[in-house]
Amino acid sequence: MSSQQVPDMGGRGGRAVPGTNGSPETGTHGSLTRLQVVDDEQRFSDELSDYMQRRWSLADAGFDYNVVAVFGSQSTGKSTLLNRLFGTRFDVMHEGRRQQTTRGIWADRGTDAMPVLIMDVEGTDGRERGENQDFERKSALFSLAVGEVLLVNMWETMVGLYNGANMGLLKTVMEVNLQLFGGGGESKTLLYFVIRDHVSPTPLDSLAATLRTDMERIWAGLNKPEGLEGAQLGDYFDLKFASLPHKQLQPENFEQAALALRAQFVDKASDGYVFQAAYKRRVPADGFPRYAEAVWEKVVSNKDLDLPTQQELLAQYRCDEIAAAALEPFRAALEPLRPRVREGEIAGELGDVARAARSQALAAFDEQAARYHADVYRKKRASFAQTLDGELHSLALNQVKNALALGAERFARESHAALDAAAARAELAGSVADEDSFSAVVGGVRARTSAWFGGIVDSLAIAGAEWTLAAEVRQLDATLDAATAKLRDAEMQRALEQLRRDARDALGEVIGDRLNNPGDDMWAGVMQGFDAAAAQAEAQLQRRMDLAEVAAGDAREQLRRRVRRGVWEDMVAALKEELADQMVLLKLRTALEDRFRYDAAGLPRVWKPADDIDAQFARARAAAQALLPLFSRIDASASRVLPAPLASAAGAFFPQGFDAEKTLTLVAPARARELGKRFAREADALYLEAKRAMVATQNRVPAWVLALLVVLGWNEAMAILFNPLYLVLTALLVGSAFVLHSLRLWGPALRAVSGLASVANDHVHELLVEAVNRTEPARAARREPRAADDIELEALGDESPVLSASGEERSSASSSKSQLHA
């Protein structure tokens, strides 16, 4: 369905556009369409009543509907804003052409069954209408009169400007609105300022304060009707503010902010819901078309919206021309610097060029414009100065942002390098000097960075300009404060790691000595080492915190708790490393050997038959096994600094949430039982070794046996010595036996021989079975003919029993032989 022109009826006309750009409109409201309520010839459409009833289904809504209008300069994204907030399909500006998109006043209903009538108003300050501001004022006054909420759409850069932010037009329409419709004061209007492309660090509250001040100043300057001289802005208008990120640079953030803003128009439970009872016009929906038409007729016929006198008009026209002419060389002077600043460069000559260009532009304006109407000249000069200052402020602000980013980077880089150098010097010297302290190092870098940034800001100062860069200076301080806090945290983390390393080295020696010489005072010695290491670490931490200027109070206490926890965890880790499985077994074996193999004087024992080796071994093993429970759990009761019970240390001695009680167990019960079994096996081996040594000392070969062996074996020995074959075989056998004995391989060797014998036995058995299987068929073949003869002889009368018996005997004998052979 394409767009159609509605015929002119009764001197009024308008256009109904079912779709966007000539295509059918789609959405949750189905066939609902837009309507041009007022065309660009200022004619009011006579189709509004039909659209309210049939297309928008609002005629029967009674008072349960709302009206929203938009106000702002041309090509600032008003239609785009309405489409995002209400799901409408108003035409938006083509990205490839910058021209007027909305002409006249258009209306549509919001999607998702929203009972909201939205009016898209032609933008102000368009080149298509030029100097003719008549329609701008009338459309703005109409929107202000019929709308409950007026969205004032503007860019962030317009905030603080007078003409750029349409403050002059707002003043005019507010004044006339007060004269035409403000006597009753039955309802108020919400002026909702939507600040677009908010990318600067200036907070929304600051921008809102500027706009609120401007509105108060405008209201104070209004020519109020008789009887309303004391009226306040809040009696007729409420002000609300919101900002949206840049749609092109930050599309995701823009969409999120637009959705959040939409919720204020949709969600009645929202705290910022805009449609309040105070804004209602108390006009039923079926009477709204006639009400809107009457308001437009009154606006069109009102003479207060006409242009000023011819003298003022001439002054305004000429002042605008002069300002435009003076603006060209001003911009030309700044143009070479803009790309450099946009690319992040610091243009040192920007301040001088800006001051000179501004002075020359104002001088050129004053030279020609001062001859015209004085009031108009003063207003136009102030507006021209605001225009110049706005462009200079934007350029200076970009340069300061560049300096802010470079300053933060420079501060972080130089601070890291200086702190690393100071740490290296402190490591060589063994202590931290005052000039290498955190405060001294970082403070020096910060002073240099602040001085450099301050020089750039001072170079951009312009006398007479209404803007300042104080907010950016405060932002630098905040940025440096945040960077300093990060550096301080990193420095304290490095200090904690260094203190933990020192404590770990000290504890390692104490733990190794105490666990290698266990006794009843073992844990007392370990805890004494922990107390000393923790005290030393805290003392050094205190000095490092003083040098780093860590704030007193909770921050310092948290660092102390962290270093105590670190020392404790390092001690537990060292204990667990020292009590690994092999280490525990080694310590138990050492304790057993010290008591079993050595006497009280520390001399090795030589067991004699009279010694009670069993009792001595039992006592030594029991003493060694008693060490396993001692190693299994830390006994922290001997510590002088740990609170008792240890479970109460969390939040007092250690950080909150740290359960030191769980770290006391070093060897779990299951692991302790396994280690006990393994130690028992090793202890038994030691016992058997001692037994064998004692038996060896008892069983000596008598001397006469050795002499008898020499006499009786003399001939055999000579035969071996003088026979090369016997000699070589004997040497091989003796050498093999020596190697097997030295390497304790008799067991594996005997198992190998037994395996070979088993394999040989199996092989011989297989050969015998195969031989039996080959002889059995031949023996069976020899038995078959005899069985046939017996059958034949059985028919011979008297001889058959004898022959049969003889055949059976032969068969039995053959079977016996076969079994015997088998």
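Two aromatic rings of Phe, Tyr or Trp are taken to pair if their centres lie within 6.5 Å. With that cut-off in mind, select Phe86, Tyr192, Phe265, Tyr273 and Phe275 in this predicted model; ring pairs link these residues into a cluster. In the structure as a whole, the count of aromatic pairs comes to 19.

**The whole chain**

The chain has 822 residues, of which 39% count as buried. Its secondary structure consists of 25 helices and 11 strands. Among contacts between residues at least 6 apart in sequence, 73% join residues at least 24 apart.

**From the S5–H1 loop to helix H3**

Select the loop between strand S5 (34–38) and helix H1 (48–55), and show Phe44 together with Phe142 of helix H3 (residues 134–146). The two rings form an edge-to-face pair, with 6.5 Å from centre to centre and 75° between the planes. Because Phe44 belongs to the loop and Phe142 to H3, the pair ties together parts that are 98 residues apart in sequence. Phe44 and Phe142 are both buried.

Remain in this loop and move to Gln42. Gln42 is not a glycine, yet its phi is positive, at about 70°. With a relative accessible area of 24%, Gln42 is partly exposed.

A second residue of this kind is Asp197, whose phi is positive, near 55°, in a residue other than glycine. To find Asp197, select the loop between strand S10 (189–196) and helix H5 (204–220).

**H3 against H8**

Next, select H3 and helix H8 (residues 288–301), whose axes are 10 Å apart and which pack at an angle of about 140°. The crossing of H3 and H8 is right-handed. On the H3 side, show Phe135, Lys138, Ser139, Leu141, Phe142, Ala145 and Val146. Their counterparts in H8 are Phe288, Tyr291, Ala292, Val295, Trp296, Val299 and Val300. By class, the contact holds 12 nonpolar residues, 1 polar and 1 charged. Phe142, already seen in the pair with Phe44, is one of the H3 residues that meet H8.

**H14 against H16**

Now select helix H14 (residues 470–516) and helix H16 (residues 554–578). Their axes come within 8 Å and cross at roughly 35°. This crossing is also right-handed. The H14 residues in the contact include Met492, Leu496, Leu499, Ala503, Leu507 and Ile511. From H16, the contributors include Leu559, Val563, Gly566, Val567, Met571 and Ala574. The contact of H14 with H16 has 13 nonpolar, 4 polar and 6 charged residues.

**H18 and H20**

Select Phe617 in helix H18 (residues 613–625) and Tyr687 in helix H20 (residues 669–698). How far apart are the ring centres of Phe617 and Tyr687? The centres are 4.8 Å apart and the planes stand at 40°, so the pair is tilted.

**Charges over rings**

Finish with two arginines. Select Arg55 and Tyr51: Arg55 lies over the face of the Tyr51 ring, 5.1 Å from the ring centre. Then select Arg564 and Phe653, where the charged end of Arg564 sits over the ring of Phe653 at 4.8 Å from its centre.

Key:
Residues are numbered from 1 along each chain as its sequence is written. This is a predicted model: local features need pLDDT of at least 70, side-chain atom pairs count only at pLDDT 80 or more; totals for chains, interfaces and linings use all residues. Side-chain values use heavy atoms; hydrogens and water are left out. Axes are lines fitted to C-alpha atoms, for helices over the stretch in contact, and angles run from 0 to 180 degrees between N-to-C directions. Helices (H or I, at least four residues) and strands (E, at least two) are DSSP runs, numbered from the N terminus. A crossing is left-handed if the near helix is turned anticlockwise from the far one by less than a right angle, and right-handed if clockwise. Contact means heavy atoms within 4.5 Å. Ala, Val, Leu, Ile, Met, Phe, Trp, Tyr, Cys and Pro count as nonpolar, Asp, Glu, Lys and Arg as charged, and the others, Gly among them, as polar. Rings of Phe, Tyr and Trp (its six-membered ring) pair if their centres lie within 6.5 Å; planes under 30 degrees apart count as stacked, over 60 as edge-to-face and the rest as tilted. Buried means under 20% relative accessible area, exposed over 50%, partly exposed in between (1.4 Å probe, protein chains only). A charge sits over a ring if NZ of Lys or CZ of Arg is within 6 Å of the ring centre and within 35 degrees of the ring normal.
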